Amino acid sequence: MKRHSILSLIIISSLLFSEQNVFAAKAKGKTKEKAPVEKNSFELYPEDFSALLKDALNYCSLENFEEAVACFDERIYGYRKEEASEKITVRLELISADIQKQIREYKKLRMEKAAKKMDFSNGENISSAEDYFSRLASISNKLRDLGQQIQSAGSSGYPYYLSRFILGISEEPDSGLAGTIEVEFTKELSQLMDSVWKKTNESCRIIDLALQEKNIFTNSETLSKAEPEFEKIIHSTEELSKIYGLNSKLKGRHSKTQRENADFSASMKAVNTLCREGLKFFSVLASLQNELKKEHKVPENKILSIRSENDEYANNLVLSASNLTAWGKTAAASAKSHALSTLSSIQDEKLSWSKLAVPYRQASFKTEAKCTQSAVAMWVSIANYYADTGVLLFQEDSADCEKLKGYMQGTDGVYYPSRCVKDLELLKDNIRKDKVALEECKTKLNNGYIYRSNFIRQQEIISENTAKISALEKDFNTIEADAEGKLLKARLAKNEIEIYCDRARVFNEENNFQQSFSNFQSANSAYIRLTEDLMNDGDIQGEVFSKLSELRNSIIARQQPVFNREIRAFKNEARTSYYAGEFEKAIGFLSQADSKRDMWAKLLDVTLDPDTELERLKNFVNTAIAIKEGREIQPYDAKAPEMRQNLSIAGKYYEKGSELLKQGKRKEAEPYFNRATEKINQVKIYYPRNKIASVLSLKITKILDEKNFDEIFRVKVDELKQVNYASRNSLAQESYSSLLDLHEMNPNYPGLAAIIENAEYSMGLKQRPADKTGIAKAASLAKEAQELLGKAGRDTLLLQQAKEKAQAAIDLNPDNSIAITVLDEIALRTGQQAAVVLSAKDEAIYQSALADLQKNNIFDANAKLAQLMKNSVYARSAKIIKLKKRIEAQL
């Protein structure tokens, strides 16, 4: 079948109208006035008929179809019945009535058209045009049927002319009533189609603009404006196909053939199909434009991204690449569209579909190329991303593997198997995920197989790194076994140490400092002893060391108040015992205080500052004991029985001599006194200040020289008064004992008691009572110390100032309770801060230095000591100070 363009109808219509123009040219001048037909003028028929046809043709040429039809309406009944047989006349009257009915239908249709303001020249009212043209065709067809009926009634005379009057004459194709209406049908249909073609041309121009190279991939505005134009063309072609189909309903000469209608329908179908394909194609273009605007940002952490369950970056790239491939296929299909090929071959002077088809096909090719180019670039980006990440995965896994080996290298003799075991499990999981991820990468790249030639090397890199990652697993079993063995040793050592720590913690909660300290010492000793085992896991070693440090701090924090209270209690008990003359008991309390301080110093690892108050008490008690030990025979002395026996014998000799002397037997008495003196001297060899011996010696002197004894007594007192008791030397102690002996002989000797009291003050046997001025000054200093303490918090400078003022207050008045309270509170606040704690690393250095010293590696020990002394805090550590002294002694 021969193909025709949409404008074929316009060409055909033009040809039809050209016939009208020919007939119009035959009509000369204006249409003459219509003359009335005379009755019984049969001979005038030809002339009237010819004039009528010419008038109608003339109106048709002027497109005044209503007047043209009126020509036939005015003259159709101008003939008498007598001019035909009665039988024919009756038949013709019936037919004429039907003709008149169709003319009325025509007029009615014209009125409706006017009322609806139907103007086919602007392409409007297309939806209502179908009904109009269908009715107009029906009127024309019925008139032609009626004309055929008249023609069958007779071939001459009135029937002949009447049939020609309806059907027209062969010389004038557009003549006759039916022909006039058919011309009107064709003319108005041509107007309608011309107007539609004009709008369709504008739609094509807008579409063509959107498909131009400068717009097709970037200008969404022209694309969005062009897309609705397809819908407009689709709607127009569907309406026009229906209207154009009405041509087949015309039975006259203007009717199109079935072939012509089929050709037009095929061309409209091709347009419709192309437009529908165009909508899909433009949808692809819109998606492509959006895709080309996208920015696929490579993730900052590629490893984290590819290990995630949803690798958004890669998934988006794969989706985009797949879409581009699909869009490319759609564009390729559009370029090969059958409808496009059909329309490309149609040439039409009014509407050349090649103007749309050519850019449409070119746009399809460009789109296919653009999609392919973009898809290739996308797949290459995906492949590069996977390849680069594969390299990074291997690098990280390899670094983690080396890290595992580093844990087990034993740097400085310390291993880290717990880290190794933990990280090994993580590394195993990462390697498993990495291998799965890289296999998925290769699978996803297979989706872009048609572009594989562009990323072959990248796929090879992915496979290479997958193999490298798998190879890392070969050493895992050896590493894991070594780590678990070392971890077991470290855990066993830890468990042993923690037993002591747990005990110390329980005793500490019970405020049993002695036991908590003892178990802490055991734990600390176990730590030193098991250091080598602990070094099998540096983390466990650090954990145990931290627990020891925390335990020590816990003991210090909890026992600090208890420690201060106990020291205060020991001082008070010692003072009470001292004043009661129970010196041994007092020294016992003071020894307990010293022992407590020694433990506390070991716990803190510091040398505690001297306790002035405690030292003063010790001096009092020690002096008193020293004097007492010289004046009394100690029960624990091995010579005690002999000394007591000598004193007993001396006493008996004295009593015997006294008895003889009272009897006036001086000569007989003197030997007894001499023997008593001998025994006394034997005692004084070991106890030169023995009270019994000294007093007994004075009694012997008095009884033998009673007359001069008072003078001797006075001289002795005067001599003893001059002694410097503050020196607290042996002379002072002997002189003090002599004062006591003199006091024993004569308690009421004037001034003797005062001399003894001053000696006691000077020797520190008694605290000199404060005078009112001293008490007031002490109270003022204690108040200042208390105020400083309130401001100090943990400020060491303020605490030191408060301590100095409180100590000064006690020096003036030992009984000042405020000063005592301030000193106890300062001790409480500074006790925990005073602790020196070595770090685990420095503790190891200290132990190593100690071992070097024991092996006589003095210089190595000294080097490690110098390393420790870089930390100024360690200069207060008692054990480091001790180590320093030992090293210096051997250098």
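Good morning. I begin with N511, which sits in the loop between helix 17 (476-509) and helix 18 (513-529). The model before us is a predicted one.

N511 is not a glycine, yet its phi is positive, at about 60°. To see why that deserves a remark, recall that most residues other than glycine have a negative phi. Is N511 buried, exposed or partly exposed? With a relative accessible area of 36%, N511 is partly exposed. A second residue belongs beside it: D412, also other than glycine, has a positive phi near 60°. D412 is found in the loop between helix 14 and helix 15 (417-446). Its relative accessible area is 70%, so D412 is exposed.

Let me now step back to the chain as a whole. Its secondary structure amounts to 34 helices and 0 strands. The protein chain has 891 residues, and 46% of them count as buried. If we take the contacts with a separation of 6 or more, 74% of them join residues 24 or more positions apart.

K142 belongs to helix 5 (residues 126-153) and is partly exposed, at 41% relative accessibility. Between K142 and I99 there are 43 positions in sequence, while their C-alpha atoms are 8.3 Å apart. H338 lies in helix 13 (residues 338-344). With a relative accessible area of 60%, H338 is exposed. H338 and T273 are 65 residues apart in sequence, and the C-alpha to C-alpha distance is 9.1 Å.

T367 is part of helix 14 (residues 354-407). Its relative accessible area is 0%, so T367 is buried. Which residues does T367 touch, not counting those up to four places away in sequence? They are I216, F217, F281, L285, L288 and A331.

Next, the individual helices. Helix 7 covers residues 176-210, which is 35 residues. From its first C-alpha to its last it reaches 51 Å, close to the 51 Å expected at 1.5 Å a residue. Of those 35 residues, 25 are buried, so helix 7 is largely enclosed by the rest of the structure.

Helix 28 (residues 752-763) has 12 residues. Which residues of helix 28 are buried? They are L752, I755, I756, A759, E760, Y761 and M763. After helix 28 comes G764, with a positive phi near 80°.

I come now to pairs of helices. Two packed helices are described by the angle between their axes and the distance between the axes. Helix 15 and helix 16 (residues 456-471) pack at about 160°, and their axes are 10 Å apart. This angle makes helix 15 roughly antiparallel to helix 16, since an angle over 145 degrees counts as roughly antiparallel. The crossing of helix 15 and helix 16 is left-handed. On the side of helix 15, the residues in contact include I431, D434, K435, L438 and E439. On the side of helix 16, they include Q459, I462, S463, N465 and T466.

The second pair is helix 25 (residues 691-704) and helix 27 (residues 730-745). Their axes come within 9 Å and cross at roughly 55°. Helix 25 and helix 27 are therefore oblique to each other, and their crossing is right-handed. Helix 25 contributes K691, S694, V695, L698, K699 and K702 to the contact, and helix 27 contributes D741, L742, E744 and M745.

Finally, the cysteines. A disulfide is a covalent bond between the sulfur atoms of two cysteines. How many disulfides does a search of the whole structure find? The search finds 0. Two cysteines may be mentioned here. C60 is buried, with a relative accessible area of 2%. C501 also counts as buried, at 2% relative accessibility.

To close, I return to the overall picture: a predicted model whose chain has 34 helices and 0 strands. Thank you for your attention.

Methods:
Residues numbered from 1 in each chain as written. Predicted model: local features only at pLDDT ≥ 70, side-chain atom pairs only at ≥ 80, totals over all residues. Heavy atoms only, no water. Helix = DSSP H or I, 4+ residues; strand = E, 2+ residues; numbered from the N terminus. Buried < 20%, exposed > 50% of the residue type's maximum accessible area, 1.4 Å probe, protein only. Contact = heavy atoms within 4.5 Å. Disulfide = S-S within 2.5 Å. Expected span 1.5 Å × (residues − 1). Axes fitted to C-alpha atoms, helices over the stretch in contact; angles between N-to-C directions. Parallel < 35°, antiparallel > 145°, perpendicular 65-115°, else oblique. Left-handed = near helix turned anticlockwise from the far one by under 90°.
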